[in-house]
Amino acid sequence: MYCPFCRNPDSRVVDSRMADDGSAIRRRRQCPECGRRFTTVETTSLSVIKRSGVGEPFSRSKVINGVRKACQGRPVSEDDLAMLAQEVEENIRASGAAEIDAHEVGLIILGPLQKLDKVAYLRFASVYQAFESLEDFESAIALLRHESDVEAKATTSKAEGKGSEGKSPEVRSPEAKNTEAKNTEAKNTAKSTL
Ligand SMILES: [Zn+2]
């Protein structure tokens with residue numbers, strides 16, 4: 001198992017535990033070369049079914065290669081790409097599926113890529129979802145704007161709510177709350193898998 005950060009071929013297991021549902025064993029490993037930690041998951045094999053109908057093992061490096069081009073010239077590091085691929089794999093495995101269509105893998109990539117870099121996301125989505133017109137870009141950008149507005153509002157109302165806790169819990173829309181909860185959850189996931 002190569003270290004995903006420095007490619008050192010050796011790593012030390014620092015912790016092993018079974019996933020809550022018993023479907024996988026997670027091992028925390030530390031690279032003796034660069035000292036960074038990462039998680040490996042031992043689980044049943046996961047196949048990606050290509051458009052031709054042929055299945056092949058899921059590969060994080062294919063996910064990374066798929067998004068790398070969209071990230072050209074953007075402030076996205078190799079570590080970011082490694083984390084994105086890990087998140088994609090975990091999302092798929094969390095669904096419990098043993099097989100997944102290649103097309104669906106692309107859909108799952110869109111989520112973490114949007115969080116990582118909006119421009120890379122638009123590039124990837126435009127190719128992946130075959131944007132054909134300016135309108136396709138406009139509606140994708142409008143959606144991004146809407147989502148960042150909702151995020152900003154959630155942050156603002158959180159800041160405003162500091163001195164007046166319990167006063168007006170209905171100020172925040174359920175939508176904003178959900179977005180915020182999701183963001184927190186996503187951040188926690190990213191942290192706990194490193
Ligand atoms: Zn390393």
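In this predicted model, helix α1 spans residues 60–68 and has V63, I64 and V67 as its buried residues. These residues cover an arc of only 100° around the axis, which puts them on the same side of α1. An α-helix has 3.6 residues a turn, so residues three or four places apart point the same way.

A pair of aromatic rings is described by the distance of the centres and the angle of the planes. The structure holds 2 such pairs. For F124 and Y128, the ring centres are 5.7 Å apart and the planes meet at 10°, so the pair is stacked. Planes under 30 degrees apart count as stacked. The partners fall into separate accessibility classes. F124 has a relative accessible area of 10% and is buried. Y128, at 21% relative accessibility, counts as partly exposed. The cut-off for buried is under 20%.

The other pair joins F131 and F137. Their ring centres lie 5.1 Å apart. Their planes stand at 90°, so this pair is edge-to-face. For that class the planes must be over 60 degrees apart. F131 counts as buried, at 18% relative accessibility. F137 reaches 31% and counts as partly exposed.

Aromatic rings also meet charged side chains. R7 lies over the face of Y2, at 4.9 Å from the ring centre. In a second case, the charged end of R36 sits over the ring of F5. Here the distance to the ring centre is 4.0 Å.

Strand β1 takes in residues 12–18, and V14 is one of its residues. V14 counts as partly exposed, with a relative accessibility of 32%. Its contacts reach to other parts of the chain. With neighbours within four places in sequence left aside, V14 is in contact with R28, R29, Q30 and R37. V14 and Q30 are 16 residues apart along the chain. Their C-alpha atoms are separated by 6.7 Å.

Methods
Residues numbered from 1 in each chain as written. Predicted model: local features only at pLDDT ≥ 70, side-chain atom pairs only at ≥ 80, totals over all residues. Heavy atoms only, no water. Phe/Tyr/Trp six-rings, centres within 6.5 Å; stacked < 30°, edge-to-face > 60°. Buried < 20%, exposed > 50% of the residue type's maximum accessible area, 1.4 Å probe, protein only. Lys NZ or Arg CZ within 6 Å of the ring centre and 35° of its normal. Helix = DSSP H or I, 4+ residues; strand = E, 2+ residues; numbered from the N terminus. Contact = heavy atoms within 4.5 Å. Arc of directions from axis to C-beta.
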